[in-house]
Amino acid sequence: MGRKKLIVCNLSFDDGATIEEKVLSMFAPENLINCFSEKNYEQYKKVINHANIQMILNDPELMETIYTFFDNNLNTTTTSEKTFMHRNTLNYRIDKVRRLSGLNLKLFEHAIVFKNLIIINNIINEYESALGEKKSKKKAKTAKKEKQETVTA
């Protein structure tokens with residue numbers, strides 16, 4: 001039996017599409033596996049690099065709150081108890097994600113979409129880190145070769 005081929009979809013958006021519309025479409029579970037490919041890599045990267053999404057992903061305190069909220073099955077009472085955080089503070093942080101991304105993490109489907117966004121962001125970061133290391137090694141190898149050629153000449 002041969003390997004199954006993933007269906008590749010084409011991600012394209014109207015220029016007027018909001019960040020919320022893009023995120024909800026791209027990171028929805030039913031679209032994620034079929035759409036995440038080399039062909040759409042730049043589209044995912046563009047949405048993840050949107051200033052509002054980056055404000056969330058680059059805020060360690062907010063991300064720690066989100067992870068704890070997810071670990072506690074979207075239960076605000078348990079999350080506020082485990083983080084020793086007032087419920088209003090927790091609700092403010094969850095609302096901040098909604099204001100920036102359009103995703104209400106208290107809604108299960110939106111929480112899944114955001115979790116998928118985090119996963120894809122991690123994959124992209126790991127890929128680019130590995131790519132950067134590969135380029136550095138290649139550059140060092142080329143420099144070493146050039147140095148040897150200079151010495152022998």
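Student: Let's start at F84. Where does F84 lie in the chain?

Tutor: In this predicted model, F84 lies in the loop between α6 and α7.

Student: Is the F84 side chain buried or exposed?

Tutor: Its relative accessibility is 80%, so F84 counts as exposed; the cut-off for that label is over 50%.

Student: Which other residue has a positive phi although it is not a glycine?

Tutor: L74 is one, with a phi of about 65 degrees. L74 also sits in a loop, the one between α5 (60–71) and α6 (76–82).

Student: Let me step back to the fold. How many helices and strands are there?

Tutor: The chain has 8 helices and 0 strands. Read from the N terminus, the order of elements is α-α-α-α-α-α-α-α.

Student: And how do I read contact range for this chain?

Tutor: Take the contacts with a separation of 6 or more, then ask what share joins residues 24 or more positions apart. Here that share is 62%. As for burial, 33% of the 153 residues count as buried. The chain exposes about 10600 Å², and carbon and sulfur atoms supply 52% of that area.

Student: How do I tell where the buried residues of a helix point, say in α3?

Tutor: List them, then look down the helix axis. In α3 (residues 41–48) the buried ones are Y41, Y44, V47 and I48. Seen down the axis of α3, they fall within an arc of 135 degrees, so they line one face of the helix. The face turned away from that buried side carries the exposed residues E42 and K46.

Student: What does α1 look like in that view?

Tutor: The buried residues of α1 (residues 19–26) are I19, V23 and M26. Their arc down the axis of α1 is 80 degrees, so these residues line one face of the helix as well.

Student: Is R93 buried or exposed?

Tutor: A charged residue is worth checking by number. R93 has 17% relative accessibility, so it counts as buried; the cut-off is under 20%. R93 is found in helix α7 (residues 87–101). Beyond its neighbours within four places in sequence, R93 is in contact with E61, L62, T65 and M85.

Student: Last one, the largest pocket. What is its volume, and which residues line it?

Tutor: The volume of the largest pocket is about 160 Å³. Its lining is F36, S37, E38, Y41, I123, I124 and Y127. Helix α8 (residues 108–152) gives the largest share of that lining, 3 residues. By type, the lining divides into 5 nonpolar, 1 polar and 1 charged.

Key: Residues numbered from 1 in each chain as written. Predicted model: local features only at pLDDT ≥ 70, side-chain atom pairs only at ≥ 80, totals over all residues. Heavy atoms only, no water. 1 Å grid on protein atoms, 1.4 Å probe; cavity = no way out; pocket = protein on both sides within 12 Å on 5 of 7 lines; lining within 4 Å. Points joined across faces, edges and corners; volume = space filled by probe spheres on them. Helix = DSSP H or I, 4+ residues; strand = E, 2+ residues; numbered from the N terminus. Buried < 20%, exposed > 50% of the residue type's maximum accessible area, 1.4 Å probe, protein only. Arc of directions from axis to C-beta. Contact = heavy atoms within 4.5 Å. Areas by Shrake-Rupley, 256 points an atom, 1.4 Å probe, with all protein chains shown as cover.
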